[in-house]
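Let's take a friendly walk through this structure together. Please have the sequence and the model open as you read.

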Amino acid sequence: MPPKKEKSTRKKKDPNAPKRALSAYMFFANAQRDIVRAENPGIAFGQIGKLLGEKWKSMNAEDREPYENKAEADKKRYELEKADYLKRKENEYLEKHEA
DNA sequence: AGCGTGATTGTTGGT
DNA sequence: ACCAACAATCACGCT
């Protein structure tokens, strides 16, 4: 049973919010944005989204490789962010306690 | 130890 | 600034 998503997708919860990482789709969209939009000048988001989604899944694992690859790298990027973010939290915490 | 959840990522276009 | 479908994510925190 999938989670129940109500509405909106943004919300803050962390003070430093290291922000997650991008997903393969984000990289894929980055590339498609240039192409899809080039082939569909003036294409609206609704069309792009559906069209992209279809093609995205239509891509072979080999095609997703570059995107997944980037996604992986991006994840690591986030890893560092969160690491630094968590560290920062600890630092603040210690500061307060030491005072 | 295992589980669920939420938050987030980026595109475009319009209001 | 925000929102919407589209897809992935996946680390975090909790008990």
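Which residues do ring pairs link into a cluster? They are Tyr-25, Phe-28, Trp-56 and Tyr-67. The sections below set that cluster in its surroundings.

## Ground rules

This is a predicted model, in which local features need pLDDT of at least 70, side-chain atom pairs count only at pLDDT 80 or more, and totals for chains, interfaces and linings use all residues. Residues are numbered from 1 along each chain as its sequence is written, chains are lettered from A and ligands numbered from 1 in the order in which they are written, and side-chain values use heavy atoms, with hydrogens and water left out.

## Overall fold

Chain A has 3 helices and 0 strands, giving the pattern α-α-α along the sequence. Helices here are DSSP runs of H or I with at least four residues, strands are runs of E with at least two, and both are numbered from the N terminus. Helix H1 covers residues 24–39 and helix H2 residues 45–58, while helix H3 covers residues 61–98.

Of the 99 residues in chain A, 16% count as buried. Buried means under 20% relative accessible area, exposed means over 50%, and partly exposed is in between (1.4 Å probe, protein chains only). The chain exposes about 8800 Å², and carbon and sulfur atoms supply 52% of that area; the areas come from the Shrake-Rupley method with a 1.4 Å probe, and for residues only the protein chains shown count as cover. Now for contacts, meaning heavy atoms within 4.5 Å: among those between residues at least 6 apart in sequence, 73% join residues at least 24 apart.

## The aromatic cluster

A search of the whole structure finds 5 aromatic pairs. Rings of Phe, Tyr and Trp (its six-membered ring) pair if their centres lie within 6.5 Å; planes under 30 degrees apart count as stacked, over 60 as edge-to-face and the rest as tilted. Tyr-25 and Trp-56 make an edge-to-face pair, because their ring centres are 6.0 Å apart and their planes stand at 80°. Tyr-25 belongs to helix H1 and Trp-56 to helix H2, so this pair ties together parts that are 31 residues apart in sequence. Tyr-25 is partly exposed at 25% relative accessible area, whereas Trp-56 is buried at 12%.

Phe-28 and Tyr-67 are another edge-to-face pair, at 5.4 Å centre to centre and with 75° between the planes. With Phe-28 in helix H1 and Tyr-67 in helix H3, the pair ties together parts that are 39 residues apart in sequence. Both Phe-28 and Tyr-67 are buried.

## A buried glutamine

Is Gln-32 buried or exposed? Gln-32 is buried, with a relative accessible area of 11%, and is found in helix H1. Leaving out residues up to four places away in sequence, Gln-32 touches Arg-37, Leu-52 and Tyr-67. Tyr-67 is also a member of the aromatic cluster.

## Charged side chains

How many salt bridges does a search of the whole structure find? There are 3, each a side-chain nitrogen of Lys or Arg within 4 Å of a carboxyl oxygen of Asp or Glu. One joins the side chains of Arg-33 and Asp-34 at 2.3 Å, N to O. Arg-33 is partly exposed at 46% relative accessible area, and Asp-34 is partly exposed at 42%.

Glu-68 and Arg-64 meet in a salt bridge at 2.1 Å, N to O. Both lie in helix H3, 4 residues apart, which is about one turn of the helix. Glu-68 is partly exposed at 31%, and Arg-64 is partly exposed at 30%. Glu-79 and Lys-75 form a salt bridge at 2.4 Å, N to O, and they too lie in helix H3, 4 residues apart, about one turn of the helix. Glu-79 is partly exposed at 33%, as is Lys-75 at 42%.

Arg-20 puts its charged end over the ring of Tyr-78, 6.0 Å from the ring centre. A charge sits over a ring if NZ of Lys or CZ of Arg is within 6 Å of the ring centre and within 35 degrees of the ring normal.

## What the record says

An unreviewed UniProt entry places the feature "DNA-binding region" at residues 18–86. UniProt positions are given in the numbering used here, feature names are shortened, and annotations may be inferred rather than shown by experiment. Over residues 18–86 the chain is 81% helix and 0% strand, and the end C-alpha atoms are 9 Å apart.
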